[in-house]
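Thank you all for making time this morning. I would like to walk you through one chain, and I will ask you to keep the structure open while I talk.

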Amino acid sequence: MDIGLAIKYAKQGNKITRTGWNGTGMYVVLMPELYLPPYSSIDTIRKVNDRTAKHIGDDTPLDSQPYFAMFTSSKQWQPGWLPSQADLLADDYFIVD
């Protein structure tokens, strides 16, 4: 499938990959938006952690917009995946089971 259809499936929560990628086990997912209350808030189960608060401030909530992330062949998450020109023109995308 082409990238347009692959993105459609990613928006539905599927993992997508290409046969043309060199590494094994690589795929891309669309990470959904995320809102977390500030690090300084009390009585919350999930909130901004201290690592993030260091950069945005203790009293600032995290308002993350959706983004693509790649699971790499070295089994690490790489946030902010952007397709290359070859990725944009490829017709070898498929859904990962």
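Asp50 has its place in helix 2, and, since this is a predicted model, everything I say about that residue and the others is computed from predicted coordinates. Is Asp50 buried or exposed? With a relative accessible area of 52%, Asp50 is exposed, because the cut-off for that class is over 50%. If we look from Asp50 to Ser40, the two are 10 residues apart in sequence, and their C-alpha atoms are 9.5 Å apart in space.

Let me move to Ser41, which is found in the loop between strand 3, residues 34-36, and helix 2, residues 50-56. Here the relative accessibility is 16%, and because buried means under 20%, Ser41 counts as buried. As for what the side chain of Ser41 has beside it, one of its polar atoms lies 2.7 Å from the backbone oxygen of Pro38.

Now to the charged side chains, where the count comes to two salt bridges. In one of them Asp87 pairs with Arg18, with the closest N and O atoms 2.7 Å apart. Asp87 lies in helix 3, residues 85-89, and Arg18 in strand 1, residues 15-18, so this pair ties together parts that are 69 residues apart in sequence. Both Asp87 and Arg18 are buried, and for Arg18 the relative accessible area is 12%.

Which residue meets Arg18 in the other salt bridge? The partner is Asp92, at 2.5 Å from N to O. This pair also links distant parts of the chain, given that Asp92 sits in the loop between helix 3 and strand 7, residues 93-96, while Arg18 is in strand 1, 74 residues away. Through shared partners, then, the salt bridges join Arg18, Asp87 and Asp92 into one network.

I will finish with the nonpolar side. In soluble globular proteins, nonpolar side chains tend to be buried together. In this model the largest nonpolar core has 11 residues, among them Ile3, Ala6, Ala10, Ile16, Trp21, Met70 and Trp81. Its largest share, three residues, comes from helix 1, which spans residues 3-11. Taking Ala10 as one member of that core, and leaving aside its neighbours within four places in sequence, we find Ala10 in contact with Ile16, Leu30 and Phe68.

Terms used:
Residues numbered from 1 in each chain as written. Predicted model: local features only at pLDDT ≥ 70, side-chain atom pairs only at ≥ 80, totals over all residues. Heavy atoms only, no water. Core = buried A, V, L, I, M, F, W, Y, C linked by side-chain atoms within 4.5 Å. Buried < 20%, exposed > 50% of the residue type's maximum accessible area, 1.4 Å probe, protein only. Helix = DSSP H or I, 4+ residues; strand = E, 2+ residues; numbered from the N terminus. Contact = heavy atoms within 4.5 Å. Polar contact = N/O pair within 3.5 Å; in protein donor to acceptor, adjacent residues only side chain to side chain. Salt bridge = Lys/Arg side-chain N within 4 Å of Asp/Glu carboxyl O.
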